[in-house]
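User: I've got this model open on my screen and I'd like to talk through a few of its features. Can you take me through them one by one?

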Amino acid sequence: MSSRAASQATPEHLMQTVWKFMQPLALDAAIQNHVFDALDAGPKTLEEVSQATGASVRGLAAIMNLLVGVNFLTKTADGRYALTPDSSAFLVSSKPGYHGGFVHYIVSGLIANFLSLAEVVRTGKPIESHLDRPEAAAFFEELVGNIMPVAYPGAKAVAEELGVSRATQPLNVLDIGAGSGVWGIALAQASPQVRVTAVDLPGVLPVTRKIAKQFGVGDQFTCVGKDIFQDDLGSGYSVATLGHILHMASPDKNRFLLKNIFRALVPGGTLVIGEFIVNEDRKGPVEPLAFAVNMLVHTEHGNAYTLGEMRSWLQEAGFVNVRTLAAPALSPLIIADKPRS
Ligand SMILES: C[S@@+](CC[C@H](N)C(=O)[O-])C[C@H]1O[C@@H](n2cnc3c(N)ncnc32)[C@H](O)[C@@H]1O
């Protein structure tokens with residue numbers, strides 16, 4: 001570095017980065033203390049929020065001012081706090097897009113694991129290596145409902161893209177690693193012709209059944225317990241969905257899985273993949289890069305993959321027409337077809 005560049009360096013970026021750890025914690029504290037719910041009825045002073053929630057004025061002042069600073073709340077000149085469009089849509093518990101469970105899962109279930117990151121980096125071994133094993137059911141049972149709102153808008157975009165509502169005969173959908181059933185649910189909601197086979201660890205399927213029923217499509221679902229990295233996935237499906245699965249596993253396991261999915265599809269069938277996609281040079285975007293660190297901490301071989309890597313596995317399995325679909329998600333969705341003949 002030249003002496004001029006060195007003299008221009010300031011610790012500002014470093015300081016900003018270090019203090020960012022507070023933001024999800026303040027969000028979660030506001031969620032747990034029902035701050036966003038209290039403000040849903042309209043702007044309020046700190047004292048009014050304190051009365052509505054039972055939380056201390058001092059505590060609320062600290063976190064709510066920070067949340068103003070990071071644009072999850074606004075503050076008027078007369079000292080009243082209000083929701084922003086984002087907090088109104090995603091942090092009010094009565095709204096369909098509520099992400100409060102997801103934020104709480106990150107804060108209460110995940111952050112503590114990263115306190116061992118230096119040791120994980122030293123050894124190259126995860127703190128828990130259960131994520132790609134059948135005994136992961138208890139972990140996933142809790143996770144899948146919380147992450148459902150993250151995938152649901154993208155899943156609805158898939159139903160639209162595939163023209164599911166125009167189906168005139170039964171459309172068999174294979175939802176692989178279904179979890180909440182979010183992908184199958186969005187497709188089933190688009191047409192009564194959709195028949196979803198949701199495959200997951202047996203321990204997770206009661207959650208899948210419960211959520212599909214809550215969304216009014218329980219009778220369009222059949223739930224099947226399988227190990228997707230070992231078992232045959234059946235046949236005769238027009239659409240397969242693979243939501244947030246490939247990052248858990250090694251390239252070899254993913255190649256095996258994609259070949260299995262190819263066999264399960266009818267000629268002309270379509271596979272949709274939801275994933276965190278890193279750029280080819282692995283210089284960004286930041287969130288998928290952070291997700292790769294998450295997989296370092298929690299899996300033996302998981303990673304956030306590039307589109308090029310996933311395209312090559314798909315092509316090796318026989319898929320054609322590999323493309324992306326812009327969707328309301330951190331990364332675009334990936335779509336690929338099984339040739340018609
Ligand atoms: C990150 S969640 C994704 C859930 C859902 N597809 C989504 O996009 O929200 C991963 C899912 O894969 C399932 N899973 C993990 N390992 C599995 C295995 N070996 N066999 C079957 N399902 C598995 C988990 O139970 C969980 O439901």
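User: Let's start with helix 11 (residues 182-190): how many of its residues are buried?

Analyst: Quick background first: this is a predicted model, where local features need pLDDT of at least 70, side-chain atom pairs count only at pLDDT 80 or more, and totals for chains, interfaces and linings use all residues. Numbering runs from 1 along each chain as its sequence is written, and side-chain values use heavy atoms, with hydrogens and water left out. Helices (H or I, at least four residues) and strands (E, at least two) are DSSP runs numbered from the N terminus, and buried means under 20% relative accessible area, exposed over 50%, partly exposed in between (1.4 Å probe, protein chains only). Helix 11 is largely enclosed by the rest of the structure, because its buried residues number 7 of 9.

User: And which residues of helix 11 are the buried ones?

Analyst: Helix 11 is largely enclosed by the rest of the structure. Its buried residues are Val182, Trp183, Gly184, Ile185, Ala186, Leu187 and Ala188.

User: Which strands pair with strand 6?

Analyst: Pairing here means that DSSP finds at least two bridges between two strands. Strand 6 is mostly covered, with 6 of its 7 residues buried. On one pairing, Asp175 stands opposite Thr241; on another, Ala240 stands opposite Leu271. Strand 6 runs parallel to both partners, with 4 bridges to strand 3 (residues 171-176) and 6 bridges to strand 7 (residues 265-274).

User: What does the side chain of Thr270 make a polar contact with?

Analyst: Thr270 lies in strand 7 and counts as buried, because its relative accessibility is 10%. A polar contact is a pair of N or O atoms within 3.5 Å; within protein, one must be able to donate a hydrogen and the other to accept it, and residues adjacent in sequence count only if both atoms are side-chain atoms. At 3.1 Å, the partner of Thr270 is the side chain of Asp337.

User: How far from Asp227 is the nearest side chain of opposite charge?

Analyst: Asp227 lies in the loop between strand 5 (221-225) and strand 6 (237-243), and its side chain reaches the backbone nitrogen of Phe229 at 2.9 Å. For charge, Lys and Arg count as positive and Asp and Glu as negative, while His and the chain ends are not counted; a salt bridge is a side-chain nitrogen of Lys or Arg within 4 Å of a carboxyl oxygen of Asp or Glu. Asp227 is buried but has no salt bridge, and the nearest side chain of opposite charge, Lys253, is at 6.3 Å.

User: Which peptide bond is cis?

Analyst: Most peptide bonds are trans. Pro285 sits in the loop between strand 7 and helix 14 (286-298). With omega near -15 degrees, the cis bond is the one from Gly284 to Pro285.

User: What is the phi of Arg282?

Analyst: Arg282 belongs to the loop between strand 7 and helix 14. It is partly exposed, because its relative accessible area is 35%. Although Arg282 is not a glycine, its phi is positive, at about 55 degrees.

User: Where does His34 lie?

Analyst: His34 also has a positive phi, about 60 degrees, although it is not a glycine. It is partly exposed, because its relative accessible area is 45%. Its place is the loop between helix 3 and helix 4 (35-39).
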